[in-house]
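Dear colleague,

Please find the structure below, together with its sequence. My notes on what was found in it follow directly after.

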Amino acid sequence: MSHPADTPSIPLAPEVLRNATLPDGRRADIHLAEGRVTALVDQPDTADQPDHSHRPDVGRGPAAGPGSIDLGGALVLPALVDGHAHLDKTLLGAPWQPHATSATLREHIANERALRASVGVSVTDRATALAHRMVSLGTGHVRSHVDIDPDVRLDGLHALAEVREKFRDRLGIQIVAFPQSGVVTAPGVADLLYAALAEGADLIGGLDPAGFDQDVDGQLDIVFGLAERHGAGVDIHLHDGGETGARQLRAIAERTAALGLNGTVTVSHAYALGEVDATELDRTASALATAGVAIMTNGPRRSMPPVLRLREHGVRVFAGSDNIRDTWWPYGTADMLERATIIGLQGDLMTDDELRHAASMVTDEAAAALGLNGYGLAPGCRADLVVIAAGGVAEAVAAHPRRLLVLHDGQVVGPAPEPEFPDFPTFSALGGDASAPQGER
């Protein structure tokens, strides 16, 4: 592999990331070995040294050994975590599709199914395009829901299992068996969900037990019964609002506590938490915190759970991208720092402390909700890391900075051109054209 003379190649498995800014603001050298962080060595006081983290030539610091990379003070975070995506639904990799509105949820589901069948690009290829983009933007782990219903059956699951295997050295993928067409009202779905867990799904999903199935106990009996039988986690879509949604949240918390599933149950969206009065919110948040039920939010659409208020109650709240350029939503870039920005704007997170909390929703909090082992930036943790052109965490959330380097299990995997990685990596990836969109450098 040849490179221009002024762009020395980056080691594929670096031993030291020199001159890094850590999340707490310290400047340190990060030592790596066998896919792990082995040491964080603080540098001498750098208070009087200029900050070069924004320079496009970051990485061209003082001469270093062949196994090290000088980051010039760029910020290093543990890999970003997307806590809720739909890899099977994306239309990335296919021609642009104009967004079509639908009068009802069931009508939209039917229209989505028809479009995805006619778009001419397979689930595997579309999911692969999205996974590449996630990696290039520093996402190291994603939880993806996949439709399980009487029409698609397990086809989407098998496609995502193929993508999961293809990306096993670049991106950790959890799969949720998601009953998009309902559980109780869709004949045979309970059996399909059972089969999905047996054939590679990691978690069991649900969808609006009251609003869609109109049978809260019936749906939750099936979902929690399967979770208990298979030792699987639970992640339920809940769009139902107001007191109806809040009652379902408490019912989910009650079942979670009864089955001892603390830390393994998530409710995604939970719009109701942003719609009820303070008394109802406190009552529901207390139940969620006691049972260890986490809440996922992607920020926009209707109402957003009050992030800081839930934090005060001890409820884990984390972030996901949800729909990325599909029939539900024409928007989405797969950039989890951008997602943190969106949540921060909608949640009125303005101080540096609040911006750091927004960042935690796409890093530590999301990793904990997904049950990731060895996640973090400390000795002994997996070397799943992202280097960002920012001087600190708050700036990383607010400024939409470039990703300079992405590591997975200690190996350099990005940023990289889509859709493949033909001759990566070189220093041009760190100091390339700042005007090029993320994922296209």
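This is a predicted model: local features need pLDDT of at least 70, side-chain atom pairs count only at pLDDT 80 or more; totals for chains, interfaces and linings use all residues.

Residues are numbered from 1 along each chain as its sequence is written, and side-chain values use heavy atoms, with hydrogens and water left out.

The chain as a whole

The protein chain has 13 helices and 16 strands; these are DSSP runs numbered from the N terminus, with at least four residues (H or I) for a helix and at least two (E) for a strand. Of its 441 residues, 56% count as buried. Buried means under 20% relative accessible area, exposed over 50%, and partly exposed in between (1.4 Å probe, protein chains only).

D29 belongs to strand 2 (residues 27–33). This residue is buried yet has no salt bridge, and the nearest side chain of opposite charge, R18, is 4.8 Å away. A salt bridge requires a side-chain nitrogen of Lys or Arg within 4 Å of a carboxyl oxygen of Asp or Glu; Lys and Arg count as positive and Asp and Glu as negative, while His and the chain ends are not counted. Leaving aside residues up to four places away in sequence, D29 has contacts that include V16, L17, A39 and V41, a contact being heavy atoms within 4.5 Å.

In helix 4 (residues 189–198), the buried residues are V189, L192, L193, A195, A196 and L197. They pack against helix 3 (155–166), strand 8 (172–178), strand 9 (203–207) and helix 5 (216–230).

L355 lies in helix 10 (residues 352–360) and counts as buried because its relative accessibility is 12%. Beyond residues up to four places away in sequence, L355 touches L349, M350, A394 and V397.

Strand pairs

Strand 11 (residues 265–269) and strand 12 run parallel and are joined by 4 bridges; two strands pair if DSSP finds at least two bridges between them. T266 stands opposite A294 in strand 12. From strand 12, V293, I295 and T297 point one way and A294 and M296 the other way, and all are buried.

Strand 15 (residues 403–408) pairs with strand 16 (residues 411–414) in the antiparallel sense over 3 bridges, and L407 stands opposite V412. The two strands form a hairpin with 2 residues between them, and D409 in the turn has a positive phi of about 55°.

Backbone geometry

Most residues other than glycine have a negative phi, and most peptide bonds are trans. H269, in strand 11, has a positive phi near 85°; H269 is buried, with a relative accessible area of 2%. R153 has a positive phi of about 50° and is partly exposed, at 48% relative accessibility. The peptide bond joining G414 and P415 is cis, with omega about 0°, and P415 lies in the loop between strand 16 and helix 13 (428–431).

Yours sincerely
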